[in-house]
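Here is a briefing on one protein chain. Look at the sequence and the model first, then read the points below.

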Amino acid sequence: MVEELLTAAIAAGVGVVVYVGAAARVVKQYERGLVFRLGRLREEIRPPGFTVIVPGIDRLRKVNMQIVTMPVPAQEGITRDNVTVRVDAVVYFKVVDPASAIIAVEDYRFAVSQMAQTSLRSIIGKSDLDDLLSNREMLNQGLELMIDSPAVGWGVGVDRVEIKDVSLPETMKRSMARQAEADRERRARVINADAELQASHKLAEAAAVMSDQPAALQLRLLQTVVAVAAEKNSTLVLPFPVELLRFLERAAPPPAAPPAPGASAPAPAVTPPDTAAGLGPGAASEPCLDGSPPPPSAEPDVRG
């Protein structure tokens, strides 16, 4: 009798242990438990910790509540300004309603992935290339709104969407590099021109001051000599005073006036040749050897 009672107790204990082992479940801190009893969802959501279900009747489904990081494959599209680009992104989302995430959609991860790819293609077609490169914050917000709108009905909340990279064709990269180089060169030229303009104004003011005080020009020349001697000792500079240059300019004869148009050039003066025999009015007379005056020159008698 005692042995039968002992055997029954042992059998009951083993049955309880087996039942507890089959009915006991543990829900982790980052999970929530959904109980399906004979295929119907129980309204009670099991919190983290130890929980018990009816073996063979209840079925426990655990849902992860952590933030999921899902990369979106690179999508190739044409922007609004007709540029072909490849854009990839990353989506951060989490389950906010475990019941809807399991019942409303077959696979919420796959659904969010497909919605992210479709939204990314749509946002590429609606944006310009400059927006994709420099105004990503606004595009991220628009992409997040496009994904989050249908995901709310699936019990999923989109936490953040980020565009990772924008790939451009090589020809477009070279064109953009040339454009940036030309823009930088244009800004450099404008800056240089502005500097020249300001310097010309200052030089004009300095010239006006030096014109009132001529000694200031001499002092400026001496300062230039000192500066050159300090930098290059092997260079010798000999500045000419401005007053000396002005004196030489005043002393130079004025240039001959050109002949008036249509006037003939003046004839050169002709000197009559000296006659060797002393004939003619311009003949030179030489004294005789004895000191007597020379005889009068004989002139031919031309009278009739």
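Lys173 and Glu170 both sit in helix H6 (residues 170–212), 3 residues apart, about one turn of the helix. Helices (H or I, at least four residues) and strands (E, at least two) are DSSP runs, numbered from the N terminus. The two residues form a salt bridge, with the closest N and O atoms 3.9 Å apart. A salt bridge here is a side-chain nitrogen of Lys or Arg within 4 Å of a carboxyl oxygen of Asp or Glu.

The model is predicted: local features need pLDDT of at least 70, side-chain atom pairs count only at pLDDT 80 or more, and totals for chains, interfaces and linings use all residues. Residues are numbered from 1 along each chain as its sequence is written, and side-chain values use heavy atoms, with hydrogens and water left out.

**Salt bridges**

- The count of salt bridges comes to 8.
- Lys173 counts as partly exposed, because its relative accessibility is 41%. The classes are buried (under 20% relative accessible area), exposed (over 50%) and partly exposed (in between), with a 1.4 Å probe and protein chains only.
- Asp183, Arg186 and Arg187 are linked in a network of salt bridges.
- Asp58 and Arg37 meet through their side chains in a salt bridge (2.6 Å, N to O). Asp58 lies in strand E5 (residues 58–64) and Arg37 in strand E2, so the pair ties together parts that are 21 residues apart in sequence.
- Asp58 is buried at 8% relative accessibility. Arg37 is partly exposed, at 29%.
- Asp128 and Arg80 also meet in a salt bridge (3.1 Å, N to O). This pair links distant parts of the chain, 48 residues apart: Asp128 is in the loop between H3 and helix H4 (129–134), and Arg80 is in the loop between E6 and E7.
- Asp128 is partly exposed, with a relative accessible area of 23%. Arg80 is exposed, at 53%.

**The sheet E6-E7-E8**

- An open sheet is formed by 3 strands in the order E6-E7-E8, with antiparallel pairing. Two strands pair if DSSP finds at least two bridges between them.
- Strand E6 (68–78) and strand E8 (156–167) each have a single partner strand, so one side of each is left without a neighbour in the sheet.
- Neighbouring strands of this sheet are turned by 25° against each other on average, direction ignored. Axes are lines fitted to C-alpha atoms, for helices over the stretch in contact, and angles run from 0 to 180 degrees between N-to-C directions.
- Strand E7 (residues 84–95) pairs with E8 in the antiparallel sense over 10 bridges. Within E8, Asp165 stands opposite Asp88.
- Helix H3 (residues 108–126) lies across E6, E7 and E8 and runs at about 35° to E6.
- Helix H5 (residues 136–151) packs on the sheet and touches E7 and E8. The direction of H5 makes about 140° with that of E8. Contact means heavy atoms within 4.5 Å.

**Hairpin and loops**

- Strand E2 (residues 31–37) and E3 pair in the antiparallel sense over 4 bridges. Leu34 stands opposite Ile45 in E3.
- E2 and E3 form a hairpin with 2 residues between them. Leu38, in the turn, has a positive phi of about 55° although it is not a glycine.
- Most residues other than glycine have a negative phi.
- Leu38 is exposed at 70% relative accessibility.
- Asn82 also has a positive phi, near 60°. Asn82 lies in the loop between E6 and E7 and is exposed, with a relative accessible area of 66%.
- Pro47 is in the loop between strand E3 (40–46) and strand E4 (49–52). Pro47 is partly exposed at 49% relative accessibility.
- Pro47 and Glu31 are 16 residues apart in sequence and 7.8 Å apart in space, C-alpha to C-alpha.

**Whole chain**

- The chain has 8 helices and 8 strands.
- Of the 304 residues in the chain, 20% are buried.
- Among contacts in the chain with a separation of 6 or more, 62% come from residues 24 or more positions apart.
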